[in-house]
Amino acid sequence: MERICVEMLFFSALLLVDAAYCAQGRYAHKLLNDLMENYSTALRPVDDTDKTLNVTLQVTLSQIKDMDERNQVLIAYLWIRQTWNDAYLKWNKDEYDGLEVIRIPSSLVWRPDLVLYNKADDDSSGPVDTNVVLRYNGEITWDAPAITKSSCVVDVSYFPFDSQQCNLTFGSWTYNGNQVDIAMGMDSGDLSDFVENVEWECHGMPATKNVIMYGCCSDPYPDITYTVLLQRRSSFYIFNLLLPCFLISFLAPLGFYLPADSGEKVSLGVTVLLALTVFQMMVAESMPPSESVPLIGKYYVATMTMITASTSLTIFIMNIHFCGAEAKPVPYWAKVLIIDYMSKIFFVYEVGESCASPFGKSEESEPFIRKHNKNLKEKPKGAPPPCCPDDEKPAAFHLTFNPCVYCSCRGNGGILGCDPKLVWNVEYIANCFREQKATCLKVAEWKKIAKVMDRFFMWIFFIMVFLMSILIIGNAP
């Protein structure tokens, strides 16, 4: 019996709730019909036409969909809340069973014509036509989502370490400040529901109210400007643009360390230059055409200039390396400065040469050159004259490559006679060997000068690359 009573009470409560809802629904229908009986959406809902209608605006930034730097357009997803009082949509809640709030389509009521002044979209549609919340005291709240495309002046001077400030300016398109005044719901945009962007960080959205007097009219025109403060996440560009350029730029000094006989020194410089050109084109495609060169663009231009200079110096040094036997002898100052001193500073030694023995200071190198030059001036014609007295000639015949080869033959009564023509031929062969050795020594000296210059410019360009990278990164804000 008790169970039956409990069930009856429960069903009675449900019936009372349903009846209440049905009654409230009937009152809502009656209220809507009463409110819309003589209502017009064409005029401002004020009792006195000279009275100003106050509209409170509050913007919530939900997501930054895209920042198009090249076209200078910011695409954002916003929630826009507008609140105002309608003098013709009030009722006594006691007459409608205590009904305080109703939700009706926004197209049934008057709405402020607030638009985004710096809109960059061809589509003229505004916020979505969602329902409005109408209270018994005439207060209307309209929450509507909107995807906005606004123009934004993009400064890429410090790309990829740049920060941008994009403005969202809202105001009435037809009403002046004496008719519709705009007030800020908060001192800044709401970021509580902001969805993080993979490329940009939002550091705030301060709001300011401006009152502008145009030249055409004497009435004030208020607007509210929200400034979106954006900071680019630079890690993506560091690993994909800056770091490859930094590593490629270090290949340019290594071109000086490459042996000249490999034949790839100039090819390496040209290949590095082409690689940097490709990275430069990738940056230029994403940046807006402007007079301000991005920071990464300056780094690329400086690196390409350095690689061009290194390639030019490589061609000059290779010309010294392959100068050949026709070249002039190495000047004395070059021997002292480059071969004697700079080679020790940069640890440039030939095979078999120690750091204590200077290059080209062998026991026979200088006498060979002097004897070769003397023999070139005094060519023997016919029978060779004796070069020393007969009493100083050796007792036996032997051949030598000394200048006094004629003394090695005893012409009168020796153990072995000596043909003058044979002796002249032997002397000619000896002179050829001396000339070849002097030429090889001269070519080796020029090659060592080229090698020392290679090592010198390699360290110079390594220092330049390092300092240039530090200066570029140091200029980042």
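Trainee: Anything to know before we start?

Mentor: The model is predicted: local features need pLDDT of at least 70, side-chain atom pairs count only at pLDDT 80 or more, and totals for chains, interfaces and linings use all residues. Residues are numbered from 1 along each chain as its sequence is written, and side-chain values use heavy atoms, with hydrogens and water left out.

Trainee: How many helices and strands does the protein have?

Mentor: The protein has 8 helices and 11 strands. Those are DSSP runs, numbered from the N terminus: helices are H or I with at least four residues, strands are E with at least two.

Trainee: What percentage of the residues counts as buried?

Mentor: Of the 477 residues, 37% are buried. Buried means under 20% relative accessible area, exposed means over 50%, and partly exposed is in between (1.4 Å probe, protein chains only).

Trainee: And the contacts?

Mentor: Take contacts between residues at least 6 apart in sequence: 76% of them join residues at least 24 apart. Contact means heavy atoms within 4.5 Å.

Trainee: How many bridges hold strand 2 and strand 6 together?

Mentor: There are 13, and the two strands, residues 73–85 and 139–151, pair in the antiparallel sense. Asparagine 85 has glutamate 139 in strand 6 as its bridge partner. Two strands pair if DSSP finds at least two bridges between them.

Trainee: Is strand 7 mostly covered or mostly exposed?

Mentor: Mostly covered: 7 of the 10 residues in strand 7 (163–172) are buried.

Trainee: Which strands does strand 7 pair with?

Mentor: Strand 4 (residues 114–116) pairs with strand 7 in the antiparallel sense over 3 bridges. Strand 11 (residues 220–232) also runs antiparallel to strand 7, joined by 9 bridges. Leucine 114 bridges to serine 172 in strand 7. Threonine 169 bridges to threonine 225 in strand 11.

Trainee: Cysteines next. How many disulfides turn up?

Mentor: The search of the whole structure finds 1. Cysteine 152 is joined to cysteine 166, S to S 2.0 Å. The cut-off for a disulfide is two cysteine sulfur atoms within 2.5 Å. The link is left-handed, with -75° about the S-S bond.

Trainee: What does the pair tie together?

Mentor: Cysteine 152 lies in the loop between strand 6 and strand 7, and cysteine 166 in strand 7, so the pair ties together parts 14 residues apart in sequence.

Trainee: Is cysteine 245 buried or exposed?

Mentor: Cysteine 245 counts as buried, because its relative accessibility is 0%. Cysteine 432 is partly exposed at 31%.

Trainee: How many aromatic pairs are there?

Mentor: The count is 16. Phenylalanine 159 and tyrosine 237 form an edge-to-face pair, 4.9 Å centre to centre with 70° between the planes. Phenylalanine 159 is in the loop between strand 6 and strand 7, and tyrosine 237 is in helix 2 (residues 235–249), 78 residues apart. Both phenylalanine 159 and tyrosine 237 are buried.

Trainee: What's the pairing rule?

Mentor: Rings of Phe, Tyr and Trp (its six-membered ring) pair if their centres lie within 6.5 Å; planes under 30 degrees apart are stacked, over 60 edge-to-face, the rest tilted. Ring pairs also link Phe246, Phe250, Trp459 and Phe462 into a cluster.
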